[in-house]
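Work through each task before reading its solution.

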Amino acid sequence: MDRTAQHLLGIQNALTDNLISDDQKVDKFILPDGAVMTAKADSVSPINFVHIDGLVVCEYHLLDQTAQLVISAVGTQFENTASHVPSFRVIEILPSSSSPQASTNDISVKDMWATVYALFTLYHSQEVIPVVLSHLINNSEELRSYLLRSGLGRTAHAPTAPKEEIYLHRATFWQGAGTQGYHTRGWLPPSPFTVAPFPYIQSFTRTPTVIAAHPLRPPKPKPGETLFRRFCPSIGETLEFTYFDLGSGSDTSEHLDSFHRWHNSERVNKGWGERGSLEKHRAYVTEVVNDPAVLPVIMSWNGEPMGYAEITYLKENHVGPYISDGPGDWDRGLHVLVGEDKFRGAERSTQWHRALIHYCFLTDPRTEKVMAEPKAANTSVLKVQLDSAMHIATVFDFPYKRSALVCVPRERFFRLDLL
């Protein structure tokens, strides 16, 4: 099969909804707040359970009916014949007699979100999951309001269609719907840094490489503050992004020690060209920490540092003039290195790269694009980026390297089955 055919097949697979395989499990799945979740999708057993920290928080089962979310065909001659729109089994969510709220048959909002997480992990290839909330749930109206008001779900688009089913949206779930302002179980830990989008007021940057008007950027997080946490089932480990901690005075923090060691390795130096002394690297990171437009991040697996990333605002970055239609006010850029050899490899690279993009989009709903500019000849990095639904917008020349400008828009990233 030639490259073109392989690429088209990849696109087709990404756009095609496939049913879940029998007996797929969410086993010892660590939620962002540290709770451990187990769930099972079993086509044989009529009842399935969602356990959190050993307790059954709810039950669910697949009904003998399907539902189809028809949108653009509503009001046309194709409304009742839109066979290209997939139909999915409806899932009923019920309280559990052994749940923490058994006496009232309630399901808490944060456990409802975790249940949605379980369903989109089990049925990840479905763009929507139609659910009904059992009348046995005492607070079913509260949960229904939560799902609809947060944007996690919607009712049927057609005015005459039944409104009992709620269509959970994969795209809105991964965009953080139903987390901030509702509970503290989301991928962005509670922090003043993530309370709400920073308000707009104009600022300005003038440097030897940038002259740009742009929005004022929010204050930086605290050193060592955890910014993002997500369990990756295919790896079986939790990925974390932490704001760089330089340490105090002349002390060498774990972050700076790792950064110094990584940049003095032949492999990393070949890509970044920042080999040098500890003081050189302290000065480098200090400059980045003091730059309002750059967020220096240490990436780790299960708490062990593995790499470094700089998340930039493109508007005040030197790549901005090379973007043909100009960067958006909140569009972000990525510069990344994996420092530890044991954490290299295609599967891990796919996970942390997609997670970085996920983080960029989560932190501000106004971010429409995430971009990067690797060396045009760096095919291994480009493969990781293309596998994250990025495309090559152009190839251009910096004064010091030829780069490929790669980009992923928000809509595409969340529309596809990438997380």
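Is E266 buried or exposed? The model is predicted, and the classes are assigned from relative accessible area.

Solution. Step 1: the relative accessible area of E266 is 57%. Step 2: exposed means over 50%, so E266 is exposed. Step 3: E266 forms a salt bridge with R275, with the closest N and O atoms 2.8 Å apart. R275 is partly exposed, at 35%.

**Exercise 1.** Determine which parts of the chain the salt bridge between D111 and R185 ties together.

Solution. Step 1: the side chains of D111 and R185 meet at 2.9 Å, N to O. Step 2: D111 belongs to helix α2 (residues 109-122), while R185 sits in the loop between α4 (170-174) and β9 (202-206), so the bridge joins parts 74 residues apart in sequence. Step 3: both D111 and R185 are buried. Step 4: D33 is linked with D111 and R185 in a network of salt bridges.

**Exercise 2.** Repeat the analysis for E127 and R415.

Solution. Step 1: their side chains form a salt bridge at 3.0 Å, N to O. Step 2: E127 is in the loop between α2 and β6 (128-133) and R415 is in helix α10 (residues 410-415), so parts 288 residues apart in sequence are tied together. Step 3: E127 is partly exposed at 27% relative accessibility, and R415 is partly exposed at 42%.

**Exercise 3.** Identify the residues that make the nonpolar surface patch of about 240 Å².

Solution. Step 1: the patch is made by L386, I392 and V395. Step 2: I392 is found in strand β17 (residues 391-397). Step 3: I392 has a relative accessible area of 42% and is partly exposed.

Key:
Residues numbered from 1 in each chain as written. Predicted model: local features only at pLDDT ≥ 70, side-chain atom pairs only at ≥ 80, totals over all residues. Heavy atoms only, no water. Patch = residues over 30% accessible without salt bridge, like charges linked within 9 Å, V, L, I, M, F, W, Y side chains within 5 Å. Areas by Shrake-Rupley, 256 points an atom, 1.4 Å probe, with all protein chains shown as cover. Salt bridge = Lys/Arg side-chain N within 4 Å of Asp/Glu carboxyl O. Helix = DSSP H or I, 4+ residues; strand = E, 2+ residues; numbered from the N terminus. Buried < 20%, exposed > 50% of the residue type's maximum accessible area, 1.4 Å probe, protein only.
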